[in-house]
Every structure is written in structure tokens, then in C-alpha cells.
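Here is a short report on packing and surface in one protein model. Please keep the structure open while reading.

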Amino acid sequence: MTIIECIKEVLKDSPGGLSIDEIYGQILQRNLYTFNAKNPKGVVMGEIRRHCLGLDFPTASPIKHFYISAINGKKQIFNVVTEDVRHNYKEAHTSKTDELLPEERVDKVVLEYNCKVKDQLMAKIMMNDPAFFEQLVVVLLLKMGYGYDMSAGRVVGHAHDGGIDGIISEDKLGLDLIYIQAKRYNQNVTVGRKDLQAFVGAMEGVGKGVFITTSAFSKECRDYVEKLQHKRISLIDGERLCELMLKHEVGVQSIKIYKLFKIDEDFFSN
């Protein structure tokens, strides 16, 4: 019997679910499995969390046998996934730090740190003038791979008829262009359909456009884009803008890279 099978056997007799401590205790009490590890309870915890619905991290298994059915104080209560649970499950319950696996803790810390960096990025953007923002978005799109090389984009700003802020050439002859609109708005200002219609109206003869803002887009704005038939417009709000800047290292520098390792079970198998 595998550890997974042992856990399922224990939970089968406890329809209300059990904590990791209780599951481990039941396995020992019933003598279902012989542990050779120095931290056997950690092995049980690892197997449960790696196969837990809603918990996704680098070493998590795509096969989910368990789910968090309740939280009792500081302890999570686990149960076996049924088809109904798998179908209806929408989001994972909040994880307690003391029950996280090491790789989950690292992932959590990195996410929290990067969230703070994104806030700092937005603050820096808002401190600079609109012309700086226009240049920023052109550089970002070039770093993302749009354009034939890093010289393929240019800021046109207010001098361009129609209010297009930037242009990227996808080929060296300029036969395929991407128009850019950049709006450095305060976060309490929402980009509406009128702004987008003005941008689309300026895109004469050009079928691709990117509208980037530091704020957000209204529902009417997004609905309008989805219904456009002859033009393709991508909308990038402030949240996604900062995510893309981190991903493509625009305005930020990578300071350290860590490697996480896991045991190669195939190497040690007979």
C-alpha cells in the first residue's frame, strides 16, 4: 500500500476530514505503512499537499486526490476529492504559513516581494511625465518581441495627427505597423469607451493597436474591443503593465536567482 492509498484509507472512515497530525496518527495506529524517513509526518504532509486541489507550486502533482474541506483553528482539515468537489471547487482555502512546504514558502515570499516592487514601479511611473511613459511603453513592447529589432519602435506623441503616441514596425519596410496609445492616468480614473473609440478612429489603415494605461478599463471599453471586427486591439491596464515590466525586466534589475531542488526518485529506484 502506498502512502497515498494509506491516507485515502484513513480518510474513508472519517467523512468530516482530518488534520495532517490526525492522518499521520491513524496511519501509525493502524500500522498501515512503515516509514524509513527521519521526518515521517513531513512525508505524509508532503504527499497530501502535493496532491491537494487548489495548491499549485513547482513540485505539486497535477493529479489531485485531496482538498481542504475546513479550517479548525490553525489546522487545515483534509478530505478525499470526489467528482462533485472537483467540479464545484473554485478556489483554494488560505494556507497557514506553518503548514506550507518549503517550496511553497519560497514561492509565497517571492510573490509578496514582487508585489511590493510592482507598487514601487507604479509610483515611479506616476512621478515622471507623460512623455516618459510613452517612451516606456514603446521599450516594453520591443522587449516583449514586437518589432523587427530594438530600433523598430518610436514615440510620436502629440505631433502625430490623431493622438497616436507610438508606432512599432514589425518589418523593416514598415508594411505592418502597431499603433500605441499610452494614458498615464491616476488609478481612480477609468479609461472609457470614448477614449478607445478615439484611438480606433486614429488607426486609419492600421489593423493592430495596443492601448496601455496606468489605471483600468471600464466594462464598456472591454466589450467594445471584443466586438471590433476589422482591428485587433490589446488592452493593458496598470496591474498587467507592472507584471509585464517585471517579466521582461523593464525598469527593474534581477538581483539574485535561486535554484530549488527535489529528489530524483527514478535515480534511487531499483
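## Surface patch

Patches are made of residues with over 30% relative accessible area and no salt bridge; like charges are joined within 9 Å, and nonpolar side chains (Val, Leu, Ile, Met, Phe, Trp, Tyr) within 5 Å. A salt bridge puts a side-chain nitrogen of Lys or Arg within 4 Å of a carboxyl oxygen of Asp or Glu. Areas follow the Shrake-Rupley method with a 1.4 Å probe; for residues, only the protein chains shown count as cover.

V106, V110 and L260 form a nonpolar surface patch, with about 240 Å² of accessible area together. V110 belongs to helix α5. V110 is partly exposed, at 40% relative accessible area.

## Model basis

This is a predicted model: local features need pLDDT of at least 70, side-chain atom pairs count only at pLDDT 80 or more, and totals for chains, interfaces and linings use all residues. Residues are numbered from 1 along each chain as its sequence is written, and side-chain values use heavy atoms, without hydrogens and water.

## Nonpolar cores

A nonpolar core joins buried (under 20% relative accessible area) Ala, Val, Leu, Ile, Met, Phe, Trp, Tyr and Cys residues through side-chain atoms within 4.5 Å. The largest has 25 residues; F133, V137, I212, L241 and M245 have the most contacts inside it. α6 (130–143) is among the elements that give two or more residues. The largest share, seven residues, comes from α6.

Apart from that core lies another, of 23 residues, including I3, L11, L18 and F78.

## N79

N79 sits in strand β2 (residues 75–80). N79 is buried, at 9% relative accessible area. A polar atom of the N79 side chain lies 2.8 Å from the backbone oxygen of P15.

Technical notes: Buried means under 20% relative accessible area, exposed over 50%, partly exposed in between (1.4 Å probe, protein chains only). Helices (H or I, at least four residues) and strands (E, at least two) are DSSP runs, numbered from the N terminus. A polar contact is a pair of N or O atoms within 3.5 Å; within protein, one must be able to donate a hydrogen and the other to accept it, and residues adjacent in sequence count only if both atoms are side-chain atoms.
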